[in-house]
Amino acid sequence: MFANLSDRLTASFKQLRGKGRLSDADIDATVSEIRRALLDADVALPVVRAFAANVRERAKSAEVSQALNPAQQVIKIVNAELVEILGGEARDLHFAKQPPMVIMLAGLQGAGKTTLAAKLGRWLREQGHTPLLVAADLQRPNAVTQLQVVGEQAGVPVWAPEPGNGVGDPVAVARSGVQHARDKQYSVVVVDTAGRLGIDAEMMQQAADIRDAVDPDEILFVLDAMIGQDAVTTANAFAEGVGFTGVVLTKLDGDARGGAALSVRGVTGKPVLFASTGEKLSDFERFHADRMASRILDMGDILTLIEQAERAFDAEQAEEMAAKIAGDGEFTLQDFLVQLNQIKKMGSMKKMLGMLPGMGQMREQLENFDEREVDRVEAVVHSMTPAERDNPKILNGSRRQRIARGSGTTVAEVNSLVERFEQAKTMMRQMTRGAGRGVPGMGMLPGGGKKSKGRMQAPPKSQQKGKKGKSGNPAKRAQQEREAATKAAQQPAAGSAFGLGKPQQPQQVPDLEELQKYLR
């Protein structure tokens, strides 16, 4: 969603690089470019004005004029201002002292409230709570059925005493749902309310009545991040009519310009608590302003990537795999298949790669990345027998043809997979052995490891001190042999580390009369 804004902001910083000191003209030009980028992203005008004014004021202050690298200081200022307008520090949910805690969802129809209720319930269950979903949206056709379906997928029970489709009293359903949660000792109640295609008095009154009936601890305004400038009008209307304590952004995986996400905090003053980043129930995460600002400025989001990996990977299994990669055992294609399945649990490969720093410069390649390639690789490995996965060296021509037919690929693709696997295994093992020796991340040093004997290349002749070849002149060659014999007699015996042991016998020195034969 923030791809265009990210490209515009990073492009505005390029003109600052390489300058030892920034002039007022440089700062004004950069701020103007940032202002245009924010306006193009559909950010509300009051937010843009405040953002540009703060950046200009801080950029012209002493903290930049005396800095060693003013360009980096300006980027730091822009990052800090982005964090501020996105909400500053992340806020946790305010849980009730006496359970159940009540969370009420409000917003326009089509914003994704029903699906978000299931995502929030699943997230709460993973946090150790016992949530209950209440189907209080009785106006939209099949809204109750939809909540029951997604609630079952999320593993969260649903309270739905009324069939919906215009039948039943939503206020009574919400009240009975909270009472049911209290009787059955559920810790959290998530109330899904009705939305409308537009803002009207009836909708606001119904939401206000539900609010008064259940007395929620949190009222979350569900906002479609793709609606642009209209997000400001909608947010203000809900703030005046119902009131809310936090915002949840949906459809952050869309291709809109994303101005709503940057505007709602500055306009309403309410923090963004959660973000929905996809259609799957697992595409739901806490909203961190600093991480989102880092993504916008193409600095990556490593912390979120680590958190996703911790949820998807089994700790004991990961340690076992790391030991195999390090050399304590053989890392096989079966292990690779297990790792591949765990990576797939983390979600979209494009999203994970997009969290790496600097990936904005490879956006075109990232967009062209075919995630079905992972499925093809998995199909190739599944087409192998257990023996072939444990030892790919037994893959002869007929076996590779059988694997290609079984996986719907070609022999060339099978050969490519096996070759890349062996290369990756070797590289990972070298990097693991090289950790703690030499420069971190530079891999195994030459000559290290158990299999390194005899593999070191000889140094250049210019560095081979004291190692001269035998002369073609017989007299010089005889002199070299005498010097070598004398030197060998003075050295300690081989295998004696401290010069002890029986000395070696000196070599016989040729007689001068025999040498004269060669001289003649």
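User: Which residue in strand 7 does V247 stand opposite?

Analyst: V247 stands opposite V272 in strand 7. Before we go on, please keep in mind that this is a predicted model, where local features need pLDDT of at least 70 and side-chain atom pairs count only at pLDDT 80 or more, while totals for chains, interfaces and linings use all residues. Residues are numbered from 1 along each chain as its sequence is written, and side-chain values use heavy atoms, with hydrogens and water left out.

User: Which other strand pairings can I look for around here?

Analyst: Strand 5 and strand 6 pair in the parallel sense over five bridges, with V222 opposite V248 in strand 6. Strand 7 and strand 8 pair in the antiparallel sense over three bridges, and there S276 has F284 as its bridge partner in strand 8. As a general point, strands of a sheet pair through backbone hydrogen bonds, either parallel or antiparallel.

User: Why do strand 3 and strand 8 stand at the edges?

Analyst: The open sheet has eight strands in the order 3-2-4-1-5-6-7-8, with mixed pairing. Strand 3 (158-159) and strand 8 (284-286) each have a single partner strand, so one side of each is left without a neighbour in the sheet.

User: How do you know that strand 6 is mostly covered?

Analyst: Buried means a relative accessible area under 20%, exposed means over 50%, and partly exposed lies in between (1.4 Å probe, protein chains only). Five of the five residues of strand 6 are buried. Both faces are covered, with G246, V248 and T250 on one side and V247 and L249 on the other. In a regular strand the side chains alternate between the two faces of the sheet. Strand 7 is mostly covered as well, with five of its five residues buried.

User: What makes F221 and F244 a stacked pair?

Analyst: Their rings are 5.1 Å centre to centre with 25° between the planes, so the angle falls under the 30 degrees set for stacking. F221 is in strand 5 (residues 218-224), and F244 is in the loop between helix 10 (230-241) and strand 6 (246-250), 23 residues away. F221 is buried with a relative accessible area of 1%, and F244 is buried with 6%.

User: How do you know that S407 is buried, and what does its side chain make a polar contact with?

Analyst: S407, found in helix 20 (residues 397-407), has a relative accessible area of 15%, so it counts as buried under the 20% limit. A polar contact is a pair of N or O atoms within 3.5 Å; within protein, one must be able to donate a hydrogen and the other to accept it, and residues adjacent in sequence count only if both atoms are side-chain atoms. The side chain of S407 reaches the side chain of T409 at 2.7 Å, so the distance lies within 3.5 Å.

Key. Phe/Tyr/Trp six-rings, centres within 6.5 Å; stacked < 30°, edge-to-face > 60°. Helix = DSSP H or I, 4+ residues; strand = E, 2+ residues; numbered from the N terminus. Pairing = 2+ DSSP bridges.
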